[in-house]
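Me: I am new to this entry, and I would like to understand the terms used for it as well as the values. Could you take me through it with care?

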Amino acid sequence: MAPRLLIVNCASPYFLYIPMGSFGLCDALRQQGIAAAIHNPALYPESEMQSRLTAVLAEFQPTHVGFACHWQETVHGFLAALAVVREWSATVPTLAGGFTAAYFAEDLLRTVPALDFVVVGDPEAPVAQLLQGWPPEAIANLVWREQGAVARSTHCWRINRQQMDRLAFADCACLIDAELYLRQINAKLGFPLLLGRGCAFDCAYCGGSRHAFRLHSGRKKPVARSVAAVVADLHRLSPWTRVLYLCYENDPGLIKRLFRAIAADPRLRGHFTLHYGAWHLLDAEFVRLYQRAFDCAAALPIIEFSPEVADDRLRVVIKRGATYTLAALEDNIRAIGAAFAGQVRIEVFFSRYHPALAAADLEREAGAALLFSHRMARQGLPVHVCSDHLSTDVASRYWEESQDRPRDFARFLDRKTQLDQGRLYPFPVDNLCLTIPEHLPAAFLVRHEALLLVVERLERFCRELTQILTACLGDRWLADLAATIAPWLAEEATRTALFAEPPLAEIVAALDRRLRDRAGAELPFLADLCRFSLKKLALAAPPVARPRVAADEADLCFVLDQERVSIHQQDYLDLTAFLGRLDEYENRPPYQRTACLFLPDGIVSLANSVYSATFRLFEQPITLAAYRARVGRDASIDPEWHHLLLARLLAEGLLLPVSNP
């Protein structure tokens, strides 16, 4: 039977992307007359993964099954898929590749009997030779079993530029259910564009760093594709999607040459929206080329930066080389925001628990990240700041230095299992945080995690509160917040409940009392601001659905749902303007009575004079005809604005029908 390879992209609840090498491998095999296809179980509900893989195996009838165990998040998916394959066939040869499989290659073959081979590093030539029946000892980059022992080939094969240029890394025809895959990744960042392999950088935390590539792939330096080869891939990809992701910036000059080529190609220019992971700061020429080559109107382009830490000195240590300062990043963000006229989304990623950071450093980092986010908000810049747990990538310097047996697959799997089940730490984590430095005291970690969790939730649900407190108090209020939540950490039951779902309303109320005792004179509007925040929290859930009524029925009156209306001293919702007023009046802005209407789909704020002349009339039952007649006599009310808002209040249930008295 002619060889046929099915590549299974191992599933993870957190990661559905297919490593781009899988597409290139399929094309390399196709060019040698070998059938290959990719199946991605992560596209389907967990309850269907096993049955869908079984159906694909039965239909495709592979002679060999490969597993893309690239990202460490996918190891449980790898083992689950391998078990399904073995149920289907006890004899079909199985092979695994990717960063994680390669790093643990020998131990995988010692401990996972269902796996026959591991390909270490570049797979194109070794996999073709394996499928063509070459003896294992003649194949480069291969690890296998031989007479009960694990053997490893003594020679390496590394793809070069000319060989890479002959391959397509964007032919979706080899992917089963490609349309479903593209639809799901387009909702995230789009189709990843492969420019090369290996990395010029040596960040200590990264499993794809220069150091890590030597360990898991035997690659000592990067190899890049030509611009012409990448452009050819874009032509293959253009019928399938209009959204790209690029995060490979070994050579900024290569990126610019690629952008120029795209802009010069009438079939590609403006076809794709590009989301971009930046390693360097972006100069004006880069931005001009970006805007010339890509569609920046169909969707907001996303540009990512990963400073990791706010401390410039520590950033150099962590990234193991020269990098930008946080001040330079802020300047660059302002320039990018101006160039895109604000029509861009900039993601900035900080992470915690780098080994170089002591407890005091982490506390300073929390404050610095808060202040950075606030500076972005004050300037109206389109920035979203993420402060995540550090993912402890296998093969990274951090991993190698923190583990006494770093290539012990069973120990790695046990730690990941504990993490997935919430048993590794007494708090939840948002990344594959397998190792927290041992020098950090357990009690500090619990306090720090609780503080950061509550800050993140407050920023999400009470953004006005966090930004205004930071404007007035800097990061000093974090100490007050930490003291406020301390009682919840004293007992295991309340601590567990806080980490499961922080009781934000109780925390805001307690923080209000604490701050008024200590800093009330600095914040004369504090009680009102907290009352506004508590109202937001109380009304975060949509109201109970009510039957729709015909708005013009003459026998109906309407009244306001006054539970969803509140009057405040200031217009906190117009945050940029309010922050400017804080500066102008030294944190004591004059009274600006404002009505807030809490709708299911957002909050509308009105000057109290406007509210009094319009919707306050519904505090008593009134027919729409009578209401419109009274408001229509007020020449100061914009009729078009009023008509649209009235329709929205009716549609969203803020005006309730009652029988005409």
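Reply: Helices (H or I, at least four residues) and strands (E, at least two) are DSSP runs, and they are numbered from the N terminus. The model is a predicted one, in which local features need pLDDT of at least 70 and side-chain atom pairs count only at pLDDT 80 or more, while totals for chains, interfaces and linings use all residues. Residues are numbered from 1 along each chain as its sequence is written, and side-chain values use heavy atoms, with hydrogens and water left out. Counted by that DSSP rule, the chain has 27 helices and 20 strands, and its C-alpha trace spans about 90 × 55 × 50 Å along the principal axes.

Me: What makes a space in this model the second largest pocket, and which residues are the closest to its centre?

Reply: On a 1 Å grid over the protein atoms alone, a pocket is an open set of points where a 1.4 Å probe fits, with protein on both sides within 12 Å along at least five of seven lines, and lining residues have an atom within 4 Å of a point. The second largest pocket holds about 1,000 Å³, a volume being the space filled by probe spheres set on the points, which are joined across faces, edges and corners. Of its 37 lining residues, Val385, Cys386, Ser387, Leu452 and Glu456 are the closest to the centre.

Me: Which elements supply the lining of the second largest pocket, and how many of its residues are nonpolar, polar or charged?

Reply: At least two lining residues come from each of β14 (345–352), α15 (359–378), β15 (383–389), α18 (442–461) and α19 (463–473), and α18 gives the largest share, nine residues. With Ala, Val, Leu, Ile, Met, Phe, Trp, Tyr, Cys and Pro counted as nonpolar, Asp, Glu, Lys and Arg as charged, and the others, Gly among them, as polar, the lining has 18 nonpolar, seven polar and 12 charged residues.

Me: Why are β8 and β15 called edge strands?

Reply: Two strands pair if DSSP finds at least two bridges between them. By that rule six strands form an open sheet with parallel pairing, in the order β8-β11-β12-β13-β14-β15, and β8 (191–192) and β15 are its edge strands, since each pairs on one side only. Within this sheet, β11 (residues 243–246) and β12 (residues 273–277) run parallel and are joined by four bridges, with valine 243 standing opposite threonine 273 in β12.

Me: How do you know that helix α12 lies across strands, and which strands are they?

Reply: Contact means heavy atoms within 4.5 Å, while axes are lines fitted to C-alpha atoms, for helices over the stretch in contact, and angles run from 0 to 180 degrees between N-to-C directions. In these terms helix α12 (residues 284–293) lies across β12 and β13 (302–308), running at about 150 degrees to β12.

Me: Why is strand β18 said to be largely enclosed?

Reply: Buried means under 20% relative accessible area, exposed over 50%, and partly exposed in between (1.4 Å probe, protein chains only). Six of the six residues of β18 (residues 594–599) are buried, so the strand is largely enclosed by the rest of the structure. In a regular strand the side chains alternate between the two faces of the sheet. In β18 both faces are covered, with Thr594, Cys596 and Phe598 buried on one side and Ala595, Leu597 and Leu599 on the other.

Me: What are the pairing partners of β18?

Reply: Strand β17 (residues 565–568) runs antiparallel to β18 and is joined to it by four bridges, with histidine 568 opposite threonine 594. Strand β19 (residues 602–607) also pairs with β18 in the antiparallel sense, over six bridges, with leucine 597 opposite valine 604. Between β18 and β19, which form a hairpin, there are two residues.
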